[in-house]
Amino acid sequence: MLFDLFRSFGINLDLALEAREIVRGETGQEIPGVQVDRERFEHGEVTIVHIVEKAAETIMGKPVGTYITIEAPALRENHPAAHHEVSQILARQLERFVAHIPEYGNILLVGLGNWRATPDALGPKVIEMSLVTRHLYNYAPQELKGGMRSVSALAPGVLGLTGIETAEIIKGVVEKIRPELIIAIDSLAARSVTRICTTIQIADTGISPGSGIGNRRAGINRESMGVPVIAIGVPTVVHAAVISQDTINAYLEQLQNTPVNAGFNPALARRAIEQVLEPFGGNLTVTPKEIDALIATTAKVIAGGISLALHPGLTEDDYSYYLH
């Protein structure tokens, strides 16, 4: 029933973990061709979903690949120690994708999104806080120390601001600087409001900007860029149709012993939701009122994790010295 709702409103599930939860909830069994590993840490949990077969790709609606989800509710709290731990966890998970990049290899960071719209500004915010070093390699190599990689960064904006497809901008930069790896950071859409700014997904399959809210743009992946693309995403919005459906379901659960529940019609509920969202073309997304503070916190955590993974030879004091 949930997949029918998503299809009706053109909603894509950005988080592989959520796609798996929904499929398993409807079938009651593990998805063939999907492997799952879990690891607990003090302030959260890491879940790794491996989609290893094409059949599972069709069922999940996600390409074959590895999807690492870090769930840490403390990201929404004023808890610096927990934030630091999440940065370290993120760095350890990223290391599996960057370990093969030589010390002098070039890595391109791409902050996707619209810096004028707070829920979509995560990517550009991460770029602001990230440690870039390619210019030092080119113009001031004496300033470098061991354990630093060549890192460049780009926040290309969105089609509505530039008139250029984001993938076209990135492709032009890639052809010029020839990185060995692209790390793209973007805002995502979640299935559950509890995952807004509490969940970080790392995927080795690249990304399709805007797909979670029905604005599918050209993909940024190995096929389109010619180099591996690691995507880091954080849910910052939830589609209003999903919230409406959850509200109806929660209400009916409380009335499950009444005739109202017996007469519930999913199609009728979906039409009611469509009528409510009609003024917005059926495409309304919701974000918390404190999203500006949440974006700032999450961007700092992600930028710290990326820098730890890409520059293993630096201490925290070194990071402050080299940052812009």
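Welcome! Start by selecting strand β8, residues 229-239: eleven of its eleven residues are buried, so the strand is largely enclosed by the rest of the structure. Buried here means under 20% relative accessible area, exposed means over 50% and partly exposed lies in between, using a 1.4 Å probe and protein chains only. Strands (E, at least two residues) and helices (H or I, at least four) are DSSP runs numbered from the N terminus.

Before moving on, note that this is a predicted model in which local features need pLDDT of at least 70 and side-chain atom pairs count only at pLDDT 80 or more, while totals for chains, interfaces and linings use all residues. Residues are numbered from 1 along each chain as its sequence is written, and side-chain values use heavy atoms, leaving out hydrogens and water.

**Around β8**

Which strands pair with β8? Two strands pair if DSSP finds at least two bridges between them.

- Select β6 (residues 181-190): nine bridges join it to β8, and the two run parallel. Look for Ala 184, whose bridge partner in β8 is Ala 231.
- Select β7 (residues 199-203): it pairs with β8 in the antiparallel sense over three bridges. Here Gln 201 is partnered by Gly 233 of β8.
- Select β9 (residues 285-286): two bridges join it to β8, running antiparallel. Val 238 stands opposite Val 286 of β9.

**On to His 83**

Next, pick His 83 in helix α4, residues 80-98. His 83 is buried, at 13% relative accessible area. Finally, display Glu 77, whose backbone oxygen lies 2.9 Å from a polar atom of the His 83 side chain.

How values were computed:
A polar contact is a pair of N or O atoms within 3.5 Å; within protein, one must be able to donate a hydrogen and the other to accept it, and residues adjacent in sequence count only if both atoms are side-chain atoms.
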